[in-house]
Amino acid sequence: MARRQGADGDLIEIDRVIHEPARLLITAHLYVVESADYVFLMQNTGLTWGNLSSHLSKLEAAGYVEITKDFIERKPHTMVKLTSEGRRAFDAYRRQMKALFDDLPG
Amino acid sequence: METRPGLREIERKAWLRTFEHGLWDIAIGLVLLSFGAAILSGFYWLSPIWVAALIPSMRDLARRLIVPRIGHVTFMKRRQRSTARISLVLFVLALAGGGVFLFTAWSTRGAAPEWVGWIRSHFLIVIGLIWGGALVAGGWAADFPRLHAYGALVFLTLLGSDLSAGYNLGHALTAVGGLITLIGVGLFVHFLKRYPRQPIEEIGEADG
């Protein structure tokens, strides 16, 4: 987690795992659903398989997403779900960003 | 058109994408078409069998053709209830159709009260209100805007048929059911072109 100078002088903690644009897009999509597979995330975020896989690995390493693999009709199927920790982190990120931008004059 | 890049919009866009394939439209169109065909042919018993076979077939088709293209998603409880409501709308349509046939048979007997006579003389408007209303209510409940248009189309077609002497219920339902089915087929073809099958899981396995 990085610390940045806020507009009003307060220190605002910004979660860089979520802050990266592609990961923000992924977590935003996972936040509004219960779970989704890779194809759904690719279609809705516009990310390629490689990009998506790489970013999900980072989110998984941070404990923000849970990736489960199972087989449907003998074909591998991967589902991704935001963990409760990931949901809390995303909520915190939203609050921080809102506080940061609400502080702008005008 | 400018869209609000908020979480609600992201969720709604993802939700509406699950309706882009047109299979729901085809199902609704075929249900109405089956009622129309049943009336025109006189084989009333075919319609409930057709409807009972149609819904599971559509679900199977969606699993085989839609999921590999747009993926699988489990929405929040609120949306899951919406999906159940669309199924309920189709069920109500089928039930109302059965009810109408029974009513027709009963109302042609001599002992029917006076108000039945009024309904019989404005039969198509009553059916239009039931089915059109069910579709509009379904569209509202499931946040599926096309259902509103279909509800209006069903009502207007039946109203038009009631006002013009040359048409009957069978013709009207066949026409409106056929039109909705065609719209659904058009959407389905467009969907298949827009979203090619993703061999993503196999790639993922190969990548290790």
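1. Gly63(A), which comes just after helix α4 of chain A, takes a positive phi of about 80°. Helices here are DSSP runs of H or I with at least four residues, strands are runs of E with at least two, and both are numbered from the N terminus. This is a predicted model, in which local features need pLDDT of at least 70 and side-chain atom pairs count only at pLDDT 80 or more, while totals for chains, interfaces and linings use all residues. Residues are numbered from 1 along each chain as its sequence is written, and chains are lettered from A and ligands numbered from 1 in the order in which they are written.

2. Helix α4(A) covers residues 49–61. Its 13 residues should span 18 Å at 1.5 Å a residue, and the end C-alpha atoms are 18 Å apart, which agrees. The expected span is 1.5 Å times one less than the number of residues.

3. Which residues of α4(A) are buried? They are Leu52(A), His55(A), Leu56(A) and Leu59(A). These cover an arc of only 105° around the axis, so they sit on the same side of α4(A); the arc is that of the directions from the helix axis to the C-beta atoms. On the other side of α4(A), Gly50(A), Ser57(A) and Ala61(A) are exposed. A residue is buried if 20 or more other C-beta atoms lie within 10 Å of its own, exposed if 12 or fewer, and partly exposed in between, with C-beta atoms placed from the backbone.

4. Chain A as a whole has five helices and five strands, in the order β-β-α-α-β-α-α-β-β-α along the sequence. Of its 106 residues, 29% are buried.

5. The contact between the chains takes 20 residues from chain A and 18 residues from chain B. Two residues are in contact if their C-beta atoms, placed from the backbone, lie within 7 Å. On the side of chain A that touches chain B, α2 (21–31), β3 (33–37), α3 (38–45) and β5 (75–82) each supply at least two residues. Among these, α3(A) gives the most, with six residues.

6. Strand β3(A) pairs with strand β1 (residues 73–75) of chain B in the antiparallel sense, over three bridges. Pairing requires at least two DSSP bridges between the strands. Val33(A) has Phe75(B) in β1(B) as its bridge partner.

7. In chain B, Ala172(B) lies in helix α8 (residues 169–194). Ala172(B) counts as buried because it has 25 C-beta neighbours inside 10 Å. Leu156(B) is 16 residues from Ala172(B) in sequence and 10.0 Å from it in space, C-alpha to C-alpha.
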